[in-house]
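Here are a few friendly notes to read alongside the model. Please keep the structure open as you go through the points.

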Amino acid sequence: EIGVNATAAQVAEYLDQNGHVLNFNRLPEVTVYTCVYNAAPYIEQAMRSVLSSGADIEYIVVDDGSTDCTLSEVAKFAHDKRLKVILNDHNIGLASSSNKALAEARGRWVLRLDGDDVLLQWGLDSLLRKARESGAHIVYPAYHEVNETGGYIRTDIGPAAKHHAGGALMLRSYVNELRFRDGIRLGDSAELYDRAKARGASIAYEQAATFLYRRHPASLTAGGH
């Protein structure tokens, strides 16, 4: 151990011999977060796609008062030290749940993957490369649209088609200034994009699809959450 009165040379020597100490407070490059409500059939695939991405991440899952077995599915990944789970005591909606995740995020970048979507294996790498090249505050990607069983509905939907907040890579310091509009139940993506554009945000577009956007009867586009 090293004492409180150690010299700089002693501290440097200690760190040389105990390099693992530097990892204790090291910040991840990306915080991926998932806000989920009653998505038991899909959440395992969503989480597995994030945790197997190979990127330098932390992963936050916010359960928004699920009443099905979503939490049992989430618990399958409890052994992964990159995972943090937040439990809402009642359903507050996607926008407000996103703000709770953002308040806990430590990564330089943040990305929301909704609980019924799937991150493609190269998705984060493509988004990070575009962010570095462009210097943008927000990078919106193209995506493929699938049905509830994973069958393709449409492919290579352009990144500017909907400006989905889910799937977009955002600079944490910037989106923490914007935040989602608390309490909004539908249209959170468009509302955030409109405010970011009005503030003069630097926005880039990744033309390669980076995630699968799932449509099903209980999805947000059908009025869920």
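1. In the protein chain, 77% of the contacts with a separation of 6 or more are between residues 24 or more positions apart; contact means heavy atoms within 4.5 Å. Please bear in mind that this is a predicted model, where local features need pLDDT of at least 70, side-chain atom pairs count only at pLDDT 80 or more, and totals for chains, interfaces and linings use all residues. Residues are numbered from 1 along each chain as its sequence is written, and side-chain values use heavy atoms, leaving out hydrogens and water.

2. Next, the overall make-up. You will find seven helices and nine strands in the protein chain, taken as DSSP runs (helices H or I, at least four residues; strands E, at least two) and numbered from the N terminus. Of the 225 residues, 49% are buried, that is, under 20% relative accessible area, with exposed over 50% and partly exposed in between (1.4 Å probe, protein chains only).

3. The largest nonpolar core has 57 residues, and Val32 and Leu169 have the most contacts inside it. Such a core is a set of buried Ala, Val, Leu, Ile, Met, Phe, Trp, Tyr and Cys residues joined through side-chain atoms within 4.5 Å. A second, separate core of five residues includes Val118, Leu120, Val146 and Ala209.

4. Val32 deserves a click. Leaving aside residues up to four places away in sequence, Val32 touches Val50, Ile57, Glu58, Tyr59, Ile60, Leu111, Leu113 and Leu124.

5. Finally, Val85. This residue lies in strand β3 (residues 83-87) and counts as partly exposed because its relative accessibility is 37%.
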